[in-house]
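These are my notebook entries on a structure that I consulted as a predicted model. I recorded each item as I looked it up.

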Amino acid sequence: MLNVIIFGAPGCGKGTQSELIISKYRLCHISTGEILREEINRRTELGNEAKKYIERGHLVPDELVVAMLADVLEHRSCEKGYIFDGFPRTLAQGEALDRILKEKNTSVAVTLSLEVDEEVLVERMLKRGEEKGRSDDNRETIYKRLAVYREQTEPLKEYYRKKGKLFTVKGSGSVEDIFERIAELLDHITL
Ligand code: AMP
């Protein structure tokens, strides 16, 4: 199975590139941000709880997100593999993902880290806020989310680097150029 983590700061283009990866490699998309937004729209107990954190630019607590992810993986079996978009975001989530995949006799194959300068990230998120109306894409929350990324999520790069699974990709340029860089890497992964 080709299990891919698409990793990077908010606004780095994870969602857009995930869509392209899915259509080329036939993977199943798991975006914890999207699942949480659906839960919020459906006003479920999890959604109401998650909303409080998301609106402030904080991470939703590990135990909630890990339980949600385990449940999704339990009910969605994908032959070719998964693309994890926005998960893991903390070391504890990375360790939980390893445990959950191990139980399914599989593991993370690659972590693709999309590297984008901070000014570009801010610009992209402000534009997305205007175009898609995402309530967490506003100026105060954006800076908070970037700080949370640096403090809680970025250390995961070292976790995957030590395992020899981290691949960095320049996340600037056109969507097509970035995808070409990613495909070049994925085409050469031997499982
Ligand atoms: P995203 O769509 O991936 O940018 O996620 C939007 C928001 O959902 C994040 O800013 C977090 O508040 C929350 N979220 C998404 N995925 C996670 C996760 N793996 N752990 C904690 N919070 C998450």
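Entry: The pairing of β2 with strand β3 (residues 82-85) is parallel and runs over four bridges.

**Entry: the sheet as a whole.** I then asked in which order the five strands of the open sheet are arranged. I read the order as β2-β3-β1-β4-β5, with parallel pairing. At the edges I found β2 and β5 (166-170), each of which pairs on one side only. On average, neighbouring strands of the sheet are turned by 20° against each other, direction ignored. Strand β1 (residues 4-7) pairs with β3 in the parallel sense over three bridges, and in β3 I located Asp85 opposite Ile6.

**Entry: helices lying across the sheet.** Helix α1 (residues 14-25) lies across β1, β2, β3 and β4 (110-115). I recorded its direction as about 175° to β3. Helix α2 lies across β2 and β3, and runs at about 65° to β2.

**Entry: α2 against α4.** Two packed helices are described by the angle between their axes and the distance between the axes. For helix α2 (residues 32-41) and α4, I found that the axes come within 11 Å and cross at roughly 95°. The two helices α2 and α4 are therefore roughly perpendicular to each other. On the α2 side, the contact is made by Thr32, Ile35 and Leu36; on the α4 side, by Val65, Met68, Leu69 and Val72.

**Entry: the nonpolar core.** Which residues touch the most other members of the largest nonpolar core? I found Ile21 and Phe84, out of 56 residues in this core. Helix α4 (residues 62-75) gives the most to this core, with six residues. I then listed contacts of Phe84 beyond its neighbours within four places in sequence; among them are Val4, Ile6, Ile30, Leu69 and Leu101.

**Entry: aromatic pairs.** I counted three aromatic pairs in the structure. One of them joins Tyr159 and Tyr160 edge-to-face, at 5.0 Å centre to centre and with 85° between the planes. I noted that both Tyr159 and Tyr160 are buried.

**Entry: backbone details in loops.** I found a cis peptide bond from Phe87 to Pro88, with omega near 0°. Pro88 lies in the loop between β3 and α5 (91-103). I next looked up Arg26, a residue other than glycine whose phi is positive, near 55°. Arg26 lies in the loop between α1 and β2, and is exposed, with a relative accessible area of 56%. Asn105, not a glycine, also has a positive phi, of about 60°. I placed Asn105 in the loop between α5 and β4. Is Asn105 buried or exposed? Asn105 counts as exposed, because its relative accessibility is 73% and the cut-off is over 50%.

**Entry: Arg134.** Not counting residues up to four places away in sequence, Arg134 touches residues including Arg37 and Arg145. Arg134 and Arg37 are 97 residues apart along the chain, and I found their C-alpha atoms separated by 9.6 Å.

Technical notes:
Residues are numbered from 1 along each chain as its sequence is written. This is a predicted model: local features need pLDDT of at least 70, side-chain atom pairs count only at pLDDT 80 or more; totals for chains, interfaces and linings use all residues. Side-chain values use heavy atoms; hydrogens and water are left out. Contact means heavy atoms within 4.5 Å. A nonpolar core is a set of buried Ala, Val, Leu, Ile, Met, Phe, Trp, Tyr and Cys residues joined through side-chain atoms within 4.5 Å. Buried means under 20% relative accessible area, exposed over 50%, partly exposed in between (1.4 Å probe, protein chains only). Two strands pair if DSSP finds at least two bridges between them. Rings of Phe, Tyr and Trp (its six-membered ring) pair if their centres lie within 6.5 Å; planes under 30 degrees apart count as stacked, over 60 as edge-to-face and the rest as tilted. Axes are lines fitted to C-alpha atoms, for helices over the stretch in contact, and angles run from 0 to 180 degrees between N-to-C directions. Angles under 35 degrees count as roughly parallel, over 145 as roughly antiparallel, 65 to 115 as roughly perpendicular and the rest as oblique.
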